[in-house]
Amino acid sequence: MKKITLLIFLLHVLLTGFAQNKLMISGEIKDETGQPLPGAGILLGDYRLGTVADNAGRFQLRVGPGNYNVLVQMIGYSTVMANVIVEDKSVVVNIVLKESIGQLKEVVIRPDRRTSKWITTFTESFVGITPNARKCKIINPQVLRFEYNDDRKILTATSDDFLVIENKALGYRIKYLLKYFQKDEATGLVFFYGFPTFEDLKGTPAQIRDYAAKRAQAYKGSPEHFFSALYKNALQSEGFTVKNLVKKKNPEYVAPPAVDENIERASKKIADDKGRYFSDVLTILENKKRQTDSIEVISRGEFRITELLQQKTENLKSIRFDGALYVVYTKEGESNSYATSGYSIARPEEYNRYQVSVVNHANRELSFYGDGRIFDPASIVVEGYMAYERIADMVPRDFLVTDY
């Protein structure tokens with residue numbers, strides 16, 4: 001019975017995916033003089049979908065409703081990205097490519113003694129440090145342009161060309177158009193955004209099976225998996241427990257001036273009488289000085305997240321909430337390397353065996369599609385296990401339809 005149910009589910013997903021892909025993104029690719037550019041490559045960001053412009057510079061991509069990034073690339077021209085929103089009808093987008101003087105000139109590479117260190121830092125922060133990351137390689141790191149602010153200790157990176165990553169763990173060749181990368185070495189915070197496209201690596205039947213298993217594992221517990229389950233009102237069956245994480249006033253907080261005054265008084269006492277009591281008091285006061293005026297508290301009762309959902313359009317739902325979402329994925333444990341990765345976050349004892357993440361919103365409202373895609377990727381910030389898994393554990397947006 002379980003196998004039959006699974007088969008029906010898979011058929012439903014496949015048929016739903018094919019039924020939805022009746023819409024089209026089409027258009028023409030031309031240069032600045034209005035001449036068509038046959039052979040230009042058209043890729044869909046976050047997908048394994050692409051095509052080549054025909055002799056008249058025209059192209060077509062069959063898609064479902066969604067918010068898409070259309071990437072156009074051709075040798076001798078700057079890569080162009082066009083954002084296209086498809087709702088209930090096909091969309092035509094015409095794109096003009098500009099000649100890239102930088103690509104036509106001879107490139108002179110001047111070695112920098114710090115470049116090797118920057119590439120290592122970038123790779124660990126961008127590709128990740130998970131077990132899958134060990135089987136990833138950046139093929140063309142030379143396309144990266146680095147800048148380092150010595151005063152603020154911030155590393156930034158950009159690229160005008162696709163960064164190519166070969167992922168031999170999940171079986172993908174990823175072309176990533178990196179728009180911006182930043183790592184603050186003082187705080188350890190990393191921010192980057194860009195547009196990835198995916199191509200399946202070839203392999204033996206055994207390798208293909210291994211790729212499929214690892215892709216499914218990477219997808220489970222991911223932000224896409226979570227929001228897809230939320231959209232379908234299937235959080236519990238998919239293994240997610242969600243609580244509300246809110247900030248409250250810290251009852252133990254003492255303003256810094258008052259703490260400093262008490263530390264000074266205790267220090268004088270210690271100088272006169274080196275007793276254990278006064279030493280302990282000083283330690284307590286120093287700890288109080290590091291406390292903030294607010295603390296994050298996990299809701300202990302039932303958090304009815306589905307009651308916060310609204311149907312924004314036919315294919316788009318949104319959710320508004322205060323604080324953050326404390327997301328526990330109960331169908332997989334955390335990897336052994338996660339505990340020492342620096343991404344681990346505090347959790348109650350009952351969640352010790354599970355993957356724990358925090359989902360923050362930048363605009364108070366999050367909108368998303370049934371396959372888990374966020375309408376505005378910049379509106380979401382994740383912490384914990386979801387942040388630990390990066391490019392090395394990323395699967396394309398069409399993974400659900402074709403693989404899961």
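Me: Why do Arg58 and Glu28 count as a salt bridge?

Reply: A salt bridge is a side-chain nitrogen of Lys or Arg within 4 Å of a carboxyl oxygen of Asp or Glu. In Arg58 and Glu28 the closest N and O atoms are 3.5 Å apart. That value is within 4 Å, so the pair qualifies. Side chains of opposite charge can pair when their charged atoms come close.

Me: What is the source of these values?

Reply: This is a predicted model, where local features need pLDDT of at least 70, side-chain atom pairs count only at pLDDT 80 or more, and totals for chains, interfaces and linings use all residues. Residues are numbered from 1 along each chain as its sequence is written, and side-chain values use heavy atoms, with hydrogens and water left out.

Me: How many salt bridges does the rule give?

Reply: The count is 16. One of them joins Glu365 and Lys312, at 3.0 Å from N to O. This pair links distant parts of the chain, 53 residues apart: Glu365 lies in strand 21 (residues 365–368) and Lys312 in strand 17 (residues 309–313). Another is Glu166 with Lys168, at 3.8 Å. Glu28, Lys30 and Arg58 are linked in a network of salt bridges.

Me: What makes a run of residues a strand or a helix?

Reply: Both are DSSP runs, numbered from the N terminus: helices are H or I with at least four residues, strands are E with at least two. The chain has 10 helices and 22 strands.

Me: Are Arg58 and Lys168 buried or exposed, and how do you know?

Reply: Take relative accessible area (1.4 Å probe, protein chains only): under 20% is buried, over 50% is exposed, and in between is partly exposed. Arg58 has 45%, so Arg58 is partly exposed. Lys168 has 51%, so Lys168 counts as exposed. Glu28, at 23%, is partly exposed. Glu365, at 21%, is partly exposed as well.

Me: How do you know whether the length of helix 4 agrees with its residue count?

Reply: The expected span is 1.5 Å times one less than the number of residues. Helix 4 (residues 205–219) has 15 residues, so its span should be 21 Å. Its end C-alpha atoms are 21 Å apart, which agrees.

Me: Which residues of helix 4 are buried?

Reply: They are Tyr211, Lys214, Arg215, Ala216, Ala218 and Tyr219. Just after helix 4, Gly221 takes a positive phi of about 85°.

Me: What makes the phi of Lys153 worth a remark?

Reply: Phi of Lys153 is near 60°, a positive value in a residue other than glycine. Lys153 sits in the loop between strand 10 (145–149) and strand 11 (154–158). At 42% relative accessibility, Lys153 counts as partly exposed.

Me: What about Asn233?

Reply: Asn233 is not a glycine, yet has a positive phi of about 55°. Its loop runs between helix 5 (223–231) and helix 6 (235–238). With a relative accessible area of 57%, Asn233 is exposed.

Me: How many of the contacts in the chain join residues at least 24 apart?

Reply: A contact means heavy atoms within 4.5 Å. Among contacts between residues at least 6 apart in sequence, 66% join residues at least 24 apart.

Me: What share of the chain counts as buried?

Reply: Of its 404 residues, 42% count as buried.
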